[in-house]
Amino acid sequence: MRNARGLTGAQAAQTMLRAAGIGDVTVVPTAGMLTDHYNPATKQLALSEEVYGSTSIAAVGVACHEAGHAVQHAHAYKPLWLRSALVPTANIGSSIGYITMFLGLVLLHSPQVVLFGALLFSAVLLFQIVTLPVEFDASARAKRLAVENGIVLPQEREGMDRVLNAAALTYVAAVVSTLLTLLYYLMRSGLFGGRR
Ligand SMILES: [Zn+2]
């Protein structure tokens with residue numbers, strides 16, 4: 001559904017940045033689907049081509065959400081900083097931690113190795129949990145600033161909410177999925193007895 005003002009995602013993001021008094025963030029198009037993100041290191045707000053040029057309410061919602069991350073960065077919002085700081089550890093956890101859990105269970109049949117892998121892998125869970133307030137807050141800022149600055153009209157707010165709430169659920173689903181993976185390996189390892 002086209003938004004009433006006919007703003008593209010890029011224009012919506014730029015309008016929101018300007019309204020927040022942010023002048024040093026550039027909005028750029030990027031290839032791929034669902035690749036929208038804000039990079040604090042380069043101060044680039046990258047919007048997927050579909051969002052960048054689209055005038056749909058969904059595109060404007062996504063663009064304003066990413067602008068919300070830029071506003072967080074400008075205001076030195078702590079959870080955003082913490083989330084960035086956790087990225088390297090989470091990357092190690094998701095690769096080495098997962099492989100260690102897997103090998104410990106399937107090949108070595110060693111509860112200790114599974115436990116060690118699970119400890120590394122839990123960095124992923126921590127990262128995903130810290131991600132939740134960052135994402136919810138970016139969406140809250142997006143909703144508030146978009147209406148305040150006339151990017152979306154009050155009657156379009158519901159459509160924007162629906163897009164952003166659906167996106168937020170995927171982050172909750174990621175936490176649940178990681179938690180279940182951890183529990184699966186820990187239960188199967190025999191650490192809590194029951195097997196062998
Ligand atoms: Zn986000």
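Reply: Happy to! Two strands are taken to pair if DSSP finds at least two bridges between them. Helices (H or I, at least four residues) and strands (E, at least two) are DSSP runs, numbered from the N terminus. Residues are numbered from 1 along each chain as its sequence is written. This is a predicted model, in which local features need pLDDT of at least 70 and side-chain atom pairs count only at pLDDT 80 or more, while totals for chains, interfaces and linings use all residues, and side-chain values use heavy atoms, with hydrogens and water left out.

Let's start with the overall layout. The sheet is open and has 3 strands in the order β1-β3-β2, with mixed pairing. β1 (26–30) and β2 (37–39) are at the edges with a single partner strand each, so one side of each has no neighbour in the sheet. On average, neighbouring strands here are turned by 25° against each other, direction ignored; axes are lines fitted to C-alpha atoms, for helices over the stretch in contact, and angles run from 0 to 180 degrees between N-to-C directions.

Now for the two pairings. β3 (residues 44–48) pairs with β1 in the parallel sense, over 5 bridges. Within that pairing, V28 has A46 of β3 as its bridge partner, and P29 has L47. β2 and β3, on the other hand, are antiparallel, with 3 bridges. There N39 stands opposite Q44 in β3. The hairpin of β2 and β3 has 4 residues between the strands, and K43 takes a positive phi near 55° in it.

Next, the surroundings. Because 4 of the 5 residues of β3 are buried, this strand is largely enclosed by the rest of the structure; buried means under 20% relative accessible area, exposed over 50%, and partly exposed in between (1.4 Å probe, protein chains only). Helix α1 (residues 9–19) lies across β1 and β3 and runs at about 155° to β3. Helix α3 (residues 57–74) packs on the sheet too, touching β2 and β3, and its direction makes about 25° with that of β2. Contact here means heavy atoms within 4.5 Å.

α1 itself deserves a glance. Its buried residues include G9, A10, A12, A13, T15, M16 and L17. Among the elements covering the buried residues of α1 are β1, β3, α2 (49–52), α3 and α5 (111–148). After α1 comes G21, with a positive phi near 75°.
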